[in-house]
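Thanks for coming. I will take a few minutes to go through one structure, and you can follow along on the screen.

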Amino acid sequence: MVRSPRPAAAFPTTGHPDVQAYTSADGGTTWLPAAVTAVDWNAGTVTVDRPGNATRVAVYFTTGNGEFELRVVRPLGSDVSSAKLFGGALRSINETNQVNARSAPTFGSDGREYPLPPQFRLELAVRSTTPIPFDRYARHELSLPLFDTPIRVLDAARLNAEAELKLRGGTL
């Protein structure tokens with residue numbers, strides 16, 4: 001469990017940026033926000049205010065265990081699967097002040113363009129021994145700079161080949 005430098009309300013709170021808790025009184029069919037009353041960051045423990053009728057508690061937290069990678073995946077049938085664009089350790093990205101322009105990790109600040117032809121996919125891969133659920137309660141945040149403009153492609157095979165060359169660090 002990692003504490004980020006993002007501003008956080010004092011405990012008890014239901015609006016902490018690094019720890020969210022939910023309780024269910026109907027076996028997990030519906031979940032309601034629950035107040036987190038305390039966190040021991042060193043021990044990795046969270047104390048939740050659980051209503052008397054709650055039978056289940058779910059806690060979502062920012063983890064520092066593992067690594068992430070943002071990559072472009074080529075269309076099916078290609079001989080190479082993907083090109084890494086950006087990545088690092090979860091701990092380093094979660095403990096970095098991402099609001100401060102000097103310390104925030106920046107994608108695309110090297111001046112390179114990252115073309116993404118229509119058949120290609122942008123993929124976020126996370127490897128961790130800690131389960132990281134991606135559901136509506138987890139409240140993951142990902143912001144990418146984007147420039148989108150419609151173009152008419154006359155030679156799709158050439159566009160894909162040139163995009164792959166550029167994604168792998170070559171020049172056109």
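This is a predicted model: local features need pLDDT of at least 70, side-chain atom pairs count only at pLDDT 80 or more; totals for chains, interfaces and linings use all residues.

Residues are numbered from 1 along each chain as its sequence is written, and side-chain values use heavy atoms, with hydrogens and water left out.

Let us begin with strand β1, residues 19–24. Strands here are DSSP runs of E, at least two residues long, numbered from the N terminus. Is β1 buried or exposed? Of its 6 residues, 6 are buried, so β1 is largely enclosed by the rest of the structure. Buried means under 20% relative accessible area, exposed means over 50%, and partly exposed is in between, using a 1.4 Å probe and protein chains only. Both faces of β1 are covered, with Val19, Ala21 and Thr23 buried on one side and Gln20, Tyr22 and Ser24 buried on the other.

Which strands does β1 pair with? Strand β5, residues 56–61, pairs with β1 in the antiparallel sense over 6 bridges. Two strands count as paired if DSSP finds at least two bridges between them. Within that pairing, Tyr22 has Ala58 in β5 as its bridge partner. Strand β2, residues 32–34, also pairs with β1 in the antiparallel sense, over 3 bridges, and there Thr23 stands opposite Leu32.

Now to a sheet. In general, strands of a sheet pair through backbone hydrogen bonds, either parallel or antiparallel. The one I want to show is an open sheet of 3 strands in the order β7-β6-β8, with antiparallel pairing. β7 (82–89) and β8 (121–127) are the edge strands, each with a single partner, so one side of each has no neighbour in the sheet. On average, neighbouring strands of this sheet are turned by 20 degrees against each other, direction ignored; the axes are lines fitted to C-alpha atoms.

β6, residues 67–73, pairs with β8 over 7 bridges in the antiparallel sense. Phe68 has Val126 in β8 as its bridge partner. Val126 is partly exposed, at 32% relative accessibility. Together with Leu124, Phe134 and Leu142, Val126 makes a nonpolar surface patch of about 380 Å². A patch of this kind takes residues with over 30% relative accessible area and no salt bridge, with nonpolar side chains (Val, Leu, Ile, Met, Phe, Trp, Tyr) joined within 5 Å.

Last, the charged residues. How many salt bridges are found in the whole structure? The search finds 7, where a salt bridge is a side-chain nitrogen of Lys or Arg within 4 Å of a carboxyl oxygen of Asp or Glu. Glu69 forms one with Arg71, the closest N and O atoms being 2.9 Å apart. Both counts are buried: Glu69 at 13% relative accessibility and Arg71 at 18%.

Glu69 also forms a salt bridge with Arg127, at 3.8 Å between the closest N and O atoms. Glu69 lies in β6 and Arg127 in β8, so this pair ties together parts 58 residues apart in sequence. Arg127 is partly exposed, at 39% relative accessibility.

Glu123 and Arg71 meet in a salt bridge as well, 2.6 Å from N to O. With Glu123 in β8 and Arg71 in β6, that pair ties together parts 52 residues apart in sequence. Salt bridges that share partners join Glu67, Glu69, Arg71, Arg121, Glu123 and Arg127 into one network.

Key
Helices (H or I, at least four residues) and strands (E, at least two) are DSSP runs, numbered from the N terminus. Axes are lines fitted to C-alpha atoms, for helices over the stretch in contact, and angles run from 0 to 180 degrees between N-to-C directions. Patches are made of residues with over 30% relative accessible area and no salt bridge: like charges are joined within 9 Å, nonpolar side chains (Val, Leu, Ile, Met, Phe, Trp, Tyr) within 5 Å. Accessible areas come from the Shrake-Rupley method with a 1.4 Å probe; for residues, only the protein chains shown count as cover.
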